[in-house]
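Please keep the model open beside you as you read.

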Amino acid sequence: MNNPPPPYGEQNYYQQYPKPPQDRTNGKAVAALVLGILSIVIPYVGILFGITAIVLASLAFKEIRYSYEQGRGLAIAGLVCGIASTFIYAILIIMFVVAILLFNSAQTTMGYGL
């Protein structure tokens, strides 16, 4: 009842299964993160980058929910950076406008106005 081992040349070959497909990262989430970071770093046009990052992040959330792609964390980071920079630039613009209005009213009351 002893089974002899198979001859040397005969091998048992196992079927190799294909690799599972790689998880894709949502492109809009990556773009939202890049624009969110740029909105904080680049002055003057940062508010435009921030608004664009907010829009792209919300579109990425919707796509990720339906297509099961990766990148939710990237979209969250892009959204946070976009909101923070838009808020900061909006406050700076409001302060600048108020300072100009106060400066002009101070000149008029002091008699320096034309």
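1. In which helix is Met 95 found? Met 95 sits in helix α3, which covers residues 72–109. Helices here are DSSP runs of H or I with at least four residues, and strands are runs of E with at least two, numbered from the N terminus.

2. A word on the ground rules: this is a predicted model, in which local features need pLDDT of at least 70 and side-chain atom pairs count only at pLDDT 80 or more, while totals for chains, interfaces and linings use all residues. Residues are numbered from 1 along each chain as its sequence is written, and side-chain values use heavy atoms, with hydrogens and water left out.

3. Met 95 is exposed, at a relative accessible area of 52%; exposed means over 50%, buried under 20%, and partly exposed in between, with a 1.4 Å probe and protein chains only. Together with Phe 87, Ile 88, Ile 91 and Leu 92, Met 95 forms a nonpolar surface patch of about 510 Å² accessible area. Patches take residues with over 30% relative accessible area and no salt bridge, joining nonpolar side chains (Val, Leu, Ile, Met, Phe, Trp, Tyr) within 5 Å and like charges within 9 Å.

4. In soluble globular proteins, nonpolar side chains tend to be buried together. Beyond its neighbours within four places in sequence, Ala 57 is in contact (heavy atoms within 4.5 Å) with Ala 32, Ala 75 and Leu 79.

5. Is Ser 39 buried or exposed? Ser 39, in helix α1, is buried, with a relative accessible area of 0%. Setting aside neighbours within four places in sequence, its contacts include Gly 46, Phe 49, Cys 81 and Tyr 89.

6. Asn 26 deserves a look too: this residue lies in the segment before α1 (27–41) and is buried at 1% relative accessibility. The Asn 26 side chain makes a polar contact with the side chain of Glu 63 at 3.0 Å, and one of its polar atoms lies 2.8 Å from the backbone nitrogen of Lys 28. A polar contact is a pair of N or O atoms within 3.5 Å; within protein, one must be able to donate a hydrogen and the other to accept it, and residues adjacent in sequence count only if both atoms are side-chain atoms.

7. How many salt bridges does a search of the whole structure find? There are two, a salt bridge being a side-chain nitrogen of Lys or Arg within 4 Å of a carboxyl oxygen of Asp or Glu. One joins Glu 69 to Arg 24, with the closest N and O atoms 3.9 Å apart. Glu 69 is in the loop between α2 and α3 and Arg 24 in the segment before α1, so this pair ties together parts 45 residues apart in sequence. Lys 28 and Glu 63 also meet in a salt bridge, at 2.5 Å from N to O; that pair links helix α1 with helix α2, 35 residues apart.

Terms used:
Areas by Shrake-Rupley, 256 points an atom, 1.4 Å probe, with all protein chains shown as cover.
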